[in-house]
Amino acid sequence: MRIGITCYPTYGGSGVVATELGIELAALGHEMHFISYSQPFRLTGRESGIFYHEVPVSNYPLFEFPPYDLALASRMAEVAEYYHLDLLHVHYAIPHSVSALLARQMLAQRGKHLPFVTTLHGTDITLVGMDRSYLPITRYAIEQSDGVTSISQYLKDVTVNNFGITRHIEVVHNFVNCDVYKPFADEEARAQARARFAAPDEFLFMHLSNFRPVKRIADVVQIFARVAKQLPARLALIGDGPDRSTAEWLANSLGIHDRVQFLGKQDRVSELLPLADLMLMPSEMESFGLAALEAMACQTPAIATRVGGVPELIDDGVNGLLFPVGDVDAMAAASIALLRDPERHQTLRKAARKTAQDRFCSTRVLPRYVEFYESLLSNAGTQAKGELSS
Ligand code: GMT
């Protein structure tokens, strides 16, 4: 198939899922075309079978708000026509599904059918989509999509209940490549790589996000500060975003700045996550929690919050631990207890990896997307034939 993908190219889960999907599908022989305002951050530009099409946005002085959605729609239609795309897959409903809808209409006028799939990721529904000014158009674009997928059952339920959507939504969970995200095979190599962040007798905590308020970075620092009073430990934070300086300030004022490293945005998180003993994900909301899945695949269990779709991934006490939002005392106490019990810690580590392998490995999840595309294309073919013969 020839597939167009549009996503937010910057640091964030929806862009990661879209990019990893493109990489995996290209490896299966599909031709993938990314259409976005910049190259998605996990693409190198050297992958075979993957093409990137930039969307130029005019910043004519009259435009106080440059119309990216329109530029994107034009580019989608152009790329679809020139490269004979079979379908478009847009990640994050706003504004991508609206642009895809416009592109489909533009091409229909020229006798070409370009079906599109919208994948709902979370904040497009839970935050942005519920803003009254975005709600009607988001609902319309979801309804008009040829296919809709959601990255968790939770998100599907919220979309149905809050948007009153009755059309079919297919749940296709987030996935991880378990051959890339994996524990070190060799303990010595792990110890060597880990030495950059922690001494052999220190525990290493990690956090990975885009540092938005919904991630509650201050809670990450607060949990770690409590742990560091009881145990020799270090914290490495991967990512960047609006709440980074608050976190830096907090680490300083709590007197733990020398135990905390801000690593900024990192390309190859698969090389960092297996170094950690625990992952902290105390988010206010997660429709799924891809960062925790990536850590789990590396045998690093997560201390997380019982929100949104997280319980679809983390089975409390089995492959990670879940807590109420904001309960930093409980999260710290549980981390300390777990790390003081190496046997239990090891059991959780193994279970975390097993969950990723058995349920969320790309080899299991990817065929679901391929089947979804195929059924959509065969329905579109049947419909087109029906229209022709009637
Ligand atoms: O969490 C973010 O701020 C990023 C956001 C995105 O759309 O880029 O992540 C959402 O999509 C991820 C991939 O599908 C999910 O794993 C995250 O749970 C979800 N984030 C939220 O729901 C807050």
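The legends below describe several close-up views of a predicted model. Residues carry numbers that start from 1 along each chain as its sequence is written. In this predicted model, local features need pLDDT of at least 70 and side-chain atom pairs count only at pLDDT 80 or more, while totals for chains, interfaces and linings use all residues.

View 1. The contact takes 16 residues from domain 1 and 13 residues from domain 2, two residues being in contact if their C-beta atoms, placed from the backbone, lie within 7 Å. On the side of domain 1 that touches domain 2, α1 and α6 (153–163) each supply at least two residues. Helices (H or I, at least four residues) and strands (E, at least two) are DSSP runs, numbered from the N terminus. By class, this side of domain 1 has six nonpolar, nine polar and one charged residues. Ala, Val, Leu, Ile, Met, Phe, Trp, Tyr, Cys and Pro count as nonpolar, Asp, Glu, Lys and Arg as charged, and the others, Gly among them, as polar.

**View 2. The shell around the ligand.** Of the 20 residues around the ligand, G12, G13, S14, G122 and L290 come nearest; a residue is near a molecule or strand if its C-beta atom, placed from the backbone, lies within 6 Å of it. Helix α1 (residues 13–27) gives the most to this shell, with four residues. Domain 1 and domain 2 each contribute at least three residues to the shell. Seven nonpolar, eleven polar and two charged residues make up the shell by class.

**View 3. Helices α8 and α11.** Helix α8 (residues 217–230) packs with helix α11 (residues 328–339) at an angle of about 45°, and their axes are 9 Å apart. Axes are lines fitted to C-alpha atoms, for helices over the stretch in contact, and angles run from 0 to 180 degrees between N-to-C directions. The two helices, α8 and α11, are therefore oblique to each other. Angles under 35 degrees count as roughly parallel, over 145 as roughly antiparallel, 65 to 115 as roughly perpendicular and the rest as oblique. The crossing of α8 and α11 is right-handed; a crossing is left-handed if the near helix is turned anticlockwise from the far one by less than a right angle, and right-handed if clockwise. In α8, D219, Q222, I223, R226, V227 and Q230 meet V328, D329, M331, A332, S335 and I336 in α11. The residues of this contact divide into six nonpolar, three polar and three charged.

**View 4. Helices α8 and α9.** Helix α9 (residues 244–253) packs with α8 at an angle of about 20°, with their axes 9 Å apart. Consequently, α8 and α9 are roughly parallel to each other. Their crossing is right-handed. I217, A218 and V221 of α8 make the contact with T246, A247, L250 and A251 of α9.

**View 5. Helices α2 and α3.** The packing angle of α2 and α3 is about 50°, with their axes 8 Å apart. That makes α2 oblique to α3, and α2 passes α3 in a right-handed crossing. D69, L72, A73, M76, A77, A80 and E81 in α2 meet V98, S99, A100, L102, A103, M106 and L107 in α3. By class, the residues of this contact are eleven nonpolar, one polar and two charged.

View 6. The peptide bond from I94 to P95 is cis, with omega near -5°. P95 is placed in the loop between β4 (87–91) and α3 (96–108). H84 is found in the loop between α2 (68–82) and β4. Phi of H84 is near 55°, a positive value in a residue other than glycine.

Notes:
Domain bounds come from an automatic or database domain assignment.
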